[in-house]
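Dear colleague,

I am passing on the structure that we talked about, and below it I have written down what was found, taking one region at a time. Please keep it open while you read.

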Amino acid sequence: MSKETRRVHVHVTSNTAKTMATGTTAATGLSGALKGVAASASVATGGIRAMTMALISSGVGAIVVAIGALAAGFIGLVRGSAEFAQEMSNLKAVLGKNADEVGMKELADDAKRLGSETAFTAVQVAQLQTEFAKLGFTKDEILNVTEATLALAAASGSDLAEAATIAGSTLRGFGLNSSETARVVDVMALSFASSSLDIVKFKESMKLVAPIAKTLKIPIEEASAALSVLANNGVAGSMAGTQLRRVMSDLAMKTGKDFHTSLEITSERLAGAASDAERLAIAKELVGDRAKGALITLAENVETLDELTN
């Protein structure tokens with residue numbers, strides 16, 4: 001009996017191919033979907049840009065921006081006004097009984113004027129006014145000194161409090177009226193521009209020199225010129241102040257002449273000396289050992305002093 005042989009063909013390949021085809025179709029669909037999302041995002045972005053351009057071109061965007069700027073400006077204005085009011089309140093407290101309503105209005109108006117005409121704000125000007133009030137200046141004196149002091153601060157790069165202190169102490173030291181603040185500031189500016197003297201060195205020196213200069217009636221122009229000459233020769237700050245006041249006082253007592261004439265007399269004596277040792281001896285005789293170098297420097301630069309003074 002012969003065996004019956006049957007061949008069975010399993011079409012696995014066909015089913016697999018069909019499944020793979022289905023997977024490929026799905027992947028293609030996903031890719032298409034992602035592309036659709038990207039396209040939608042692109043359209044949305046373009047739409048936003050288009051809307052923005054439309055707003056701007058139609059003027060609506062400009063109005064929105066303008067409203068924002070106005071709001072920011074208004075907030076800044078309110079904040080600035082509050083700060084100014086606070087500073088004026090501080091000023092009134094320092095002035096005390098000397099601050100009547102009319103006087104405070106004058107100070108406020110002047111602060112606003114200078115705040116619009118200078119590099120400083122009205123609030124900063126009010127702060128400067130307060131610094132002068134702390135130094136004992138009256139309302140009228142503050143009105144006299146403020147503008148020139150702002151110029152000093154701008155020219156020297158110092159802060160307003162320091163400028164107020166230096167200008168105020170220099171006026172007081174020389175016994176000058178507040179109306180002469182512009183003169184003082186001009187003298188200082190010339191000294192700073194024509195020598196190695198600066199506002200810090202000037203402050204340290206002049207606080208020592210001013211009382212003696214006032215007593216001997218030596219003008220601020222001459223005293224500042226002397227400090228400039230010394231600074232150019234390496235003597236500055238408190239050392240210059242200490243030595244210059246010694247030179248001023250001792251020459252006045254030894255010669256009985258004014259400062260400039262005393263220096264001319266000393267210059268002639270030094271020029272007639274037979275040696276450097278004799279020159280040192282002459283200077284030491286006149287002003288002592290510690291200030292003899294400063295005296296020789298000044299006596300040898302009388303012409304420079306004249307140039308800086310005039």
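At roughly what angle do the axes of helix 9 and helix 13 cross? The model is a predicted one, and in it the axes of helix 9 (residues 220-232) and helix 13 (residues 292-299) come within 10 Å and cross at roughly 105°. Because angles of 65 to 115 degrees count as roughly perpendicular, helix 9 is roughly perpendicular to helix 13. On the side of helix 9, the residues that make this contact are Ala226, Val229 and Leu230, while helix 13 brings Ala294, Thr297 and Leu298. Sorted by class, the contact has five nonpolar residues and one polar residue, with no charged residues.

Helix 13 itself is mostly covered, since seven of its eight residues are buried.

Is Ser205 buried or exposed? Its relative accessibility is 1%, and because buried means under 20%, Ser205 counts as buried. If its neighbours within four places in sequence are left aside, Ser205 is in contact with Leu227, Ala236, Gly237, Ser238, Ala240 and Gly241.

With best wishes

Note on methods: Residues numbered from 1 in each chain as written. Predicted model: local features only at pLDDT ≥ 70, side-chain atom pairs only at ≥ 80, totals over all residues. Heavy atoms only, no water. Buried < 20%, exposed > 50% of the residue type's maximum accessible area, 1.4 Å probe, protein only. Contact = heavy atoms within 4.5 Å. Axes fitted to C-alpha atoms, helices over the stretch in contact; angles between N-to-C directions. Helix = DSSP H or I, 4+ residues; strand = E, 2+ residues; numbered from the N terminus. Parallel < 35°, antiparallel > 145°, perpendicular 65-115°, else oblique. Nonpolar A, V, L, I, M, F, W, Y, C, P; charged D, E, K, R; others polar.
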